[in-house]
Amino acid sequence: MLFEGNERREKERAMKAAGRLPPGQSLTLKWPVLHYGSVPRFDPERWDFRVYGMVAIPERWSWPEFAKLPRVETQSDFHCVTRWSRFDNRWSGVPMREILKIVQPLPEARFVLVHAEQGYTANVPLADLDRDEVLIATHHDGEPLSPDHGYPARLIVPHLYAWKSVKWVRGLEFLDRDAAGFWERNGYHMYGDPWKEERHSL
Ligand SMILES: Nc1nc2c(c(=O)[nH]1)N[C@H]1C(S)=C(S)[C@@H](COP(=O)(O)O)O[C@H]1N2
Ligand SMILES: [Mo]
């Protein structure tokens, strides 16, 4: 226990020195599980991933179709608004830029409402999805996601607070205006930049 505490504090100091620990955050070596509601069951027969709204080519992929999309591996940090940060997560899955290439957002599209099981949603500006480190992850540190971390697939947007990294993701809705998601309707910030501590809206 004592050793674990020292190791954590040392890594935290190192991340702080490297400019990787956002203000008001502390480093965790574990991986907490955080979500509203219960863990949904995955049914590969019925699962689909829909991309719709303001796109030139709407898509609906079944699980086998989704599994054939191009893949990428990334490494990034993860910052929860409840003040823990987890560093150097290795994710693999479908790069968001591949999805954008396929569906071709219309010029009017500026925001995306991300949809998950059980009606969970989060809003993200399109420009914030159009980045190399953003992906729909199916694996973490070489293993398939566990059910409580979002199996079979979750969004990862490392530069925003982790409530935007939607677990059990099922679709992307492209919009010409910002529309609050689940936590955003409940007082969280519309954008959620951890470096500016955009935790709550006023
Ligand atoms: N579908 C869904 N995704 C979600 C949430 C949720 O309640 N439902 N919670 C978010 C929050 S607040 C955090 S911090 C991260 C936590 O991811 P983890 O449980 O894998 O650590 O998931 C995010 N994604
Ligand atoms: Mo969170």
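Me: Rings of Phe, Tyr and Trp (for Trp, the six-membered ring) form a pair if their centres lie within 6.5 Å; planes under 30 degrees apart count as stacked, over 60 as edge-to-face, and the rest as tilted. How many aromatic pairs does this rule give?

Reply: The count comes to 20 aromatic pairs. The structure is a predicted model, in which local features need pLDDT of at least 70 and side-chain atom pairs count only at pLDDT 80 or more, while totals for chains, interfaces and linings use all residues. Residues are numbered from 1 along each chain as its sequence is written, chains are lettered from A and ligands numbered from 1 in the order in which they are written, and side-chain values use heavy atoms, with hydrogens and water left out.

Me: Why is the pair of Y161 and W163 called stacked?

Reply: The ring centres of Y161 and W163 are 5.7 Å apart and their planes stand at 20°, so the pair is stacked. Ring pairs also link Y161 and W163 with Y36, Y120, F182, W183 and Y188 into a cluster.

Me: Are Y161 and W163 buried or exposed?

Reply: Buried means under 20% relative accessible area, exposed over 50%, and partly exposed in between (1.4 Å probe, protein chains only). Y161 has a relative accessibility of 0% and W163 has 7%, so both count as buried.

Me: What makes the contact between E117 and R170 a salt bridge?

Reply: A salt bridge requires a side-chain nitrogen of Lys or Arg within 4 Å of a carboxyl oxygen of Asp or Glu. The closest N and O atoms of E117 and R170 are 2.9 Å apart, and the pair forms a salt bridge. This pair links distant parts of the chain, 53 residues apart: E117 is in the loop between β6 (111–116) and β7 (121–125), and R170 is in strand β11 (residues 169–175). Here helices (H or I, at least four residues) and strands (E, at least two) are DSSP runs, numbered from the N terminus. Salt bridges that share partners join D48, R60, E117 and R170 into one network.

Me: What separates E98 from K101, and how exposed is each residue?

Reply: The two are three residues apart in helix α3 (residues 96–103), so about one helical turn separates them. E98, at 22%, is partly exposed, whereas K101, at 56%, counts as exposed.

Me: What makes a set of residues a nonpolar core, and how many residues has the largest?

Reply: A nonpolar core is a set of buried Ala, Val, Leu, Ile, Met, Phe, Trp, Tyr and Cys residues joined through side-chain atoms within 4.5 Å. The largest has 37 residues, and those with the most contacts inside it include F49, M96 and F174. Helix α3 gives the most to this core, with four residues. A second, separate core of 10 residues includes W31, W84, W91 and A137.

Me: How do you know that R50 lies over the face of Y52?

Reply: A charge sits over a ring if NZ of Lys or CZ of Arg is within 6 Å of the ring centre and within 35 degrees of the ring normal. R50 meets this rule over Y52, at 4.2 Å from the ring centre. R50 lies in strand β2 (residues 48–53) and is partly exposed, at 39%. Leaving aside neighbours within four places in sequence, R50 is in contact (heavy atoms within 4.5 Å) with E59, R60, R170, G171 and L172.
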